[in-house]
Amino acid sequence: MPTFVGEDLMFTHIHENQAVLAFFTSLSFIIDGLAIMRIYARIFLGPYQKSMYEMAYRSY
């Protein structure tokens, strides 16, 4: 919820003649959302299992 309030505040300070700023702000929110979805998937769903490359064994 606080994120949506922050986005609304960001967009209310962009004026009608600042279309380029609105575009880049929107693009950054979209890219941020995609990155958050990838992080969520990686943490809660685990790594992608199928790989055409061999993984090296690690010694601890």
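**Stop 1: a nonpolar surface patch**

Select V20, F23, F24, L27 and I31: together they form a nonpolar patch on the surface with about 510 Å² of accessible area. A patch joins residues with over 30% relative accessible area and no salt bridge, like charges within 9 Å and nonpolar side chains (Val, Leu, Ile, Met, Phe, Trp, Tyr) within 5 Å; a salt bridge is a side-chain nitrogen of Lys or Arg within 4 Å of a carboxyl oxygen of Asp or Glu. Areas follow the Shrake-Rupley method with a 1.4 Å probe, and for residues only the protein chains shown count as cover.

The model is predicted, with local features requiring pLDDT of at least 70 and side-chain atom pairs pLDDT 80 or more, whereas totals for chains, interfaces and linings use all residues. Residues are numbered from 1 along each chain as its sequence is written, and side-chain values use heavy atoms, leaving out hydrogens and water.

I31 counts as exposed because its relative accessibility is 51%; the classes are buried under 20% relative accessible area, exposed over 50% and partly exposed in between (1.4 Å probe, protein chains only).

**Stop 2: helix α2**

Helices (H or I, at least four residues) and strands (E, at least two) are DSSP runs, numbered from the N terminus. The end C-alpha atoms of α2 are 38 Å apart, in agreement with the 39 Å that its 27 residues should span at 1.5 Å a residue; the expected span is 1.5 Å times one less than the number of residues. Just after α2, select G46, which takes a positive phi of about 85°.

Helix α2 is hardly covered, with a count of one buried residue among its 27. T25, in helix α2, is buried, with a relative accessible area of 8%. Show its surroundings: leaving aside residues up to four places away in sequence, T25 touches M10, F11 and I14, where contact means heavy atoms within 4.5 Å.

**Stop 3: aromatic pairs**

The structure holds three aromatic pairs. The F23 and F24 rings have centres 5.3 Å apart and planes at 65°, so this pair is edge-to-face. For Y40 and F44, the ring centres are 4.8 Å apart and the planes at 45°, so the pair is tilted. Pairing requires ring centres (Phe, Tyr, or the six-membered ring of Trp) within 6.5 Å; planes under 30 degrees apart count as stacked, over 60 as edge-to-face and the rest as tilted.
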